[in-house]
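The following exercises guide a reader through one protein model. Please examine the sequence and the structure before working through the solutions.

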Amino acid sequence: MSTNFSSLPVVDVSALGASGASTQDTTELSQKLYDVFATTGFAYLVNAPLSFNHDEVFDLTREFFALPQDRKMKLAKKSFRPGHYNTYRGYFPTQPHLTPDNLKEGFEIGNPTADHGTRIPASTQKINISEPNVWPDRQIFSKQERLEEMYNELQSLASKLLSLLAVPLGKETDFFDSWLDDSLSTLRLLHYPPVTQTALPGPDEAARLSCSPHTDSGILTLLHQDTTGGLEVLNAAGEWIAAPYIPGSIVVNIGDLMARVSGSRFKATMHRVRAPPPKPDAANDRFGRFSIPFFFEPGEACSVPVEGDEGPVVYGEYVRTKMATFVEFQEDSGYDTAIRRIYEPY
Ligand SMILES: O=C(O)CCC(=O)C(=O)O
Ligand SMILES: [Fe+2]
């Protein structure tokens, strides 16, 4: 359980980009990160060393989601299109036939430079977590290379943050290095469509959500969110604290695995997203909220030592156990039949 915070701390990470950062700057940053992960479990990072800004990242996201639905569905995971080979990477559509508090579509990519030649073939595994990425044709989506660069930069930023946590956690400085061999990190573009004004709750009604309360499962998450707002984080008193957009910031939070590795010193804090209201110029802008979480994860074969537990966790097995409970990863999500029922009733 996190502490009783009323807002999220802001951490300046400029020391990560400066080639001449002093040892003192790095030690201070490392202590600061330890403190926020041990209290709120969530923070805003500012001055991160990235080559892209929010405008670029959200223009690219918009370009992807503006593709015609049939082009996006060509990239759909097998659970939505049984004839497809991709089980883990690719597109997932909104699922209005399921609970309404998870209304989102997304596109997920893994390590663009991974060597897929030596991996277990998809046919022997229900979910192939190390499969290659799938992409739209370059003629209809021009930003594949840029997204791959973003993935690599976020992986590098997350790796630097992780390495700073080794010493305050009482580990050797290179403790986490081997974790990142064949890392399974995921970059996920997300679009939460707007809900109608009438579907939004009144002042005394429960929040209408587009992402239900959860903790993230991996090491840590780096999140770009647009200006819409709606992200909320649960404090120890059981209050949902708003985490609005802060210009130029990235939200960071601890995942379940890292909380276990730290012997519960770090907090994997519960969070959720409120449904976005319609845009004032809805006639010209049909989109709701965009966000881009980057889930930083170890390699499939990584043996993760968790404190106070029965033994190390092999990361690939951990992911598969979790995935088996997610409806979008069932062999047949019911998407095709249910969507036909909703849109083609006769
Ligand atoms: O969209 C957001 O702000 C948060 C998304 C999130 O928590 C997730 O995908 O795990
Ligand atoms: Fe999350």
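**Exercise 1: A core residue and its surroundings**

Task: Identify the residues in contact with Leu 220, leaving aside its neighbours within four places in sequence.

Solution: Two residues are in contact if their C-beta atoms, placed from the backbone, lie within 7 Å. Leaving aside neighbours within four places in sequence, Leu 220 meets this criterion with Ala 158, Leu 161, Val 252, Asn 253, Ile 254, Gly 255, Met 258 and Phe 296.

A note on conventions follows. Residues are numbered from 1 along each chain as its sequence is written, while chains are lettered from A and ligands numbered from 1 in the order in which they are written. The model is predicted, and local features need pLDDT of at least 70, side-chain atom pairs count only at pLDDT 80 or more, and totals for chains, interfaces and linings use all residues.

Next, consider the core. A nonpolar core is a set of buried Ala, Val, Leu, Ile, Met, Phe, Trp, Tyr and Cys residues joined through C-beta atoms within 7 Å. A residue is buried if 20 or more other C-beta atoms lie within 10 Å of its own, exposed if 12 or fewer, and partly exposed in between. The largest nonpolar core has 71 residues, and Leu 220 is among the six that touch the most other members, with Leu 154, Ala 158, Leu 222, Met 258 and Phe 294. Helix 4 (residues 144-166) gives the largest share of this core, ten residues. Helices (H or I, at least four residues) and strands (E, at least two) are DSSP runs, numbered from the N terminus.

**Exercise 2: The shell around ligand 1**

Task: Determine which elements give two or more residues to the shell around ligand 1.

Solution: First, list the residues around the ligand, that is, those with a C-beta atom, placed from the backbone, within 6 Å of it. They are Leu 190, Cys 211, Asp 216, Leu 223, Gln 225, Leu 231, His 271, Val 273, Ser 291 and Pro 293. The elements that give two or more of these are strand 7 (220-225), strand 11 (271-274) and strand 12 (289-296).

**Exercise 3: The two sides of helix 6**

Task: Which residues of helix 6 (residues 315-323) are buried, and which on the other side are exposed?

Solution: Tyr 315, Tyr 318 and Val 319 are buried. They lie on the same side of helix 6 because they cover an arc of only 95° around the axis, taken from the directions from the helix axis to the C-beta atoms. On the other side, Glu 317 and Thr 321 are exposed. The cover over the buried residues includes helix 5 (256-261), strand 13 (303-304) and strand 14 (313-314).
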